[in-house]
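Today I open my notebook and look up how this protein is put together.

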Amino acid sequence: MSASSLILGRSIVKRFEDRTVLDHVDISVAPGEIVTLIGPNGAGKTVLLRILLGLLKPDGGTVARKAGLVAGYMPQKFAIDDNLPLRVSRFVGLAGRVTRAEIEAALVEVDVAGRIDDPVQGLSGGEFQRVLLARALLRKPQLLVLDEPAQGVDVIGQDALYDLVGAVRDRHGCGVLIVSHDLHLVMARADRVLCLNGHVCCSGRPEAIGRDPAFAELFGARAGESLALYRHRHDHVHDPHDGHVHHHHHHGHDHAGHDHG
Amino acid sequence: MDDFLVRAGMAGIGLALIAGPLGSFVVWRRMAFFGDALAHSALLGVALGFLLRVETNLTIAGICVAFAAVLTALLSRARLAPDTLLSICAFTALSAGLVALSFIETVRVDLMAYLFGDILAVGPADIAWIWGGAAVGLVVLKLLWRPLLSVTVHADLAAVEGVNVGAMRLAFVLLLALVVAVAMKIVGVLLVTALMVMPAAAARRLARSPESMAAIASAVGALSCVAGLVSSAEFDTPSGPSVVLAAAAFFALSLVLPLRR
């Protein structure tokens with residue numbers, strides 16, 4: 001799989017002063033694949049994203065990008081200063097040299113075209129995330145990187161947002177890397193899940209992850225059970241799985257006696 | 001109308017043209033404190049100019065650029081809160097400038113003029129310097145407008161979209177140093193930031209786009225200069241503070257308007 005990866009991080013290490021935030025992390029995203037990165041707060045998820053995107057230098061390991069890779073990025077929820085008068089069309093247009101028609105098309109795709117001439121500060125959480133997604137899509141990305149896309153979005157909106165991400169993947173065939181600390185919604189739509197807590201605790205298909213002892217250790221046994229339930233209820237919207245052998249492993253770490261930041 | 005008043009008006013309007021858009025960025029980037037600290041270093045440039053017998057406009061610009069580099073480096077490394085650090089640097093620079101000037105016995109330095117400006121004393125050479133500086137600043141700002149705006153809205157997002165964030169920050173700080181050097185003669189060290197921040201703040205409620213805010217800020221700045229100068233001549237008040245008071249009046253007036261988004 002590594003030969004066809006859009007992006008491939010090998011043995012990535014990142015330290016902030018004496019604290020090791022990422023400890024030899026391996027990660028890859030293939031075209032058309034939705035990879036979800038889960039983990040508790042402070043597990044190093046955003047740091048890993050920033051390293052993969054080239055925004056931060058790792059202290060060890062390598063990041064290989066497919067030649068000429070175009071990435072679309074949706075950063076964590078942020079606020080735009082009220083002192084900056086900025087309409088949605090201008091905000092989206094900051095992506096590069098784009099026409100009004102292209103901006104409109106991108107906003108139509110994420111279903112917020114009605115807000116094109118409104119100020120960004122007046123958008124709801126869900127609308128703003130969609131606008132961010134539109135800006136990322138304008139670059140015709142091969143890889144979409146989404147950092148906590150459901151933050152500040154109500155539960156119904158979250159569901160719709162993840163459906164939208166799935167639809168975008170199907171339409172454009174781009175690889176998607178989603179970071180979350182919310183287990184259920186995100187995992188229900190993932191092809192592969194990476195559970196991060198400084199190091200990769202476990203990885204594989206969502207239903208297998210739910211049964212992994214490392215997952216139970218990190219999120220509690222009940223999380224695994226409810227996850228399995230969630231998958232079950234949502235099986236009808238997903239393709240039957242292909243009996244592919246799950247890639248998952250577990251380093252026998254003692255999590256309790258281990259400094260995870 | 002008196003010649004010196006016409007020259008003063010031309011100088012003020014030239015400064016207002018560049019101070020409007022740059023001041024808007026200062027407001028959006030929350031860098032009013034930074035600009036103020038930068039301005040406090042200008043007095044050191046005056047002293048240096050006298051010591052080296054060089055044109056003070058040049059030494060002021062040189063010192064501002066060097067001080068901007070020091071501030072930027074300190075801000076990225078220090079553990080102190082930025083406002084504390086900026087305050088320390090501003091007062092250190094101001095005091096160093098005052099002490100350095102006290103060593104210069106051969107030249108009688110009109111300290112008040114450097115602290116609060118002496119717009120009525122500007123000669124044709126000063127006007128050329130101001131309009132030249134403003135023209136250079138406006139051209140650079142026009143060329144860098146979209147990437148600079150993008151970095152202001154969200155630096156990481158801009159970086160993923162291919163903007164050189166470090167270069168944009170550097171360019172902005174250099175522009176700021178340029179304007180401080182240009183504005184020095186007119187409103188003095190202690191009032192320079194006022195001429196950038198106040199018109200921009202007054203323009204906010206009238207503007208619906210970043211560009212219109214910048215243009216309105218220039219207009220408000222120019223009007224403030226004219227109104228301040230006229231009242232200064234009429235009531236024999238100091239010119240720099242009169243201009244700032246006029247800008248404050250425009251800002252107060254703008255508060256009556258509803259916030260347009």
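I began with a definition: two strands pair if DSSP finds at least two bridges between them. Helices (H or I, at least four residues) and strands (E, at least two) are DSSP runs, numbered from the N terminus.

Some ground rules come next. This is a predicted model, where local features need pLDDT of at least 70, side-chain atom pairs count only at pLDDT 80 or more, and totals for chains, interfaces and linings use all residues. Residues are numbered from 1 along each chain as its sequence is written, chains are lettered from A and ligands numbered from 1 in the order in which they are written, and side-chain values use heavy atoms, with hydrogens and water left out.

**Entry 1: chain A as a whole**

I looked up the secondary structure of chain A and found 9 helices and 9 strands. Of the 261 residues in chain A, 52% are buried (buried means under 20% relative accessible area, exposed over 50%, partly exposed in between, with a 1.4 Å probe and protein chains only).

**Entry 2: the sheet of 3 strands**

In which order do the 3 strands of this open sheet in chain A stand? I read β2-β1-β4, with antiparallel pairing. β2 (19–29) and β4 (60–65) of chain A are at the edges with a single partner strand each, so one side of each has no neighbour in the sheet. Neighbouring strands are turned by 20 degrees against each other on average, direction ignored. For such angles, axes are lines fitted to C-alpha atoms, for helices over the stretch in contact, and angles run from 0 to 180 degrees between N-to-C directions.

I then followed strand β1 (residues 7–16) of chain A, which pairs with β2(A) over 7 bridges in the antiparallel sense. A:Gly9 has A:Ile27 as its bridge partner in β2(A). Helix α1(A) packs on this sheet and touches β1, β2 and β4 of chain A, at about 125 degrees to the direction of β1(A). Contact means heavy atoms within 4.5 Å.

**Entry 3: the sheet of 6 strands**

Another open sheet has 6 strands in the order β5-β6-β7-β3-β8-β9 (chain A), with mixed pairing. Here β5 (71–74) and β9 (199–204) of chain A are the edge strands; each has a single partner strand, so one side of each is left without a neighbour in the sheet. The twist averages 15 degrees from one strand to the next.

Inside this sheet I checked β3 (residues 34–38) and β7 (residues 175–180) of chain A, which run parallel and are joined by 5 bridges. A:Ile38 has A:Ser180 as its bridge partner in β7(A). Helix α1 (residues 45–52) of chain A packs on this sheet too, touching β3, β6 (143–147), β7 and β8 (192–197) of chain A. I also noted helix α4 (residues 125–137) of chain A, which lies across β5 and β6 of chain A at about 165 degrees to β5(A).

**Entry 4: a buried loop residue**

Is A:Leu84 buried or exposed? I count A:Leu84 as buried, because its relative accessibility is 3%. A:Leu84 sits in the loop between β5 and α2 (88–93) of chain A. Leaving out residues up to four places away in sequence, A:Leu84 touches A:Gln121 and, from chain B, B:Trp28, B:Leu149, B:Val153, B:Arg204 and B:Pro210. The C-alpha atoms of A:Leu84 and A:Val120 are separated by 9.7 Å, although these residues are 36 residues apart along the chain.
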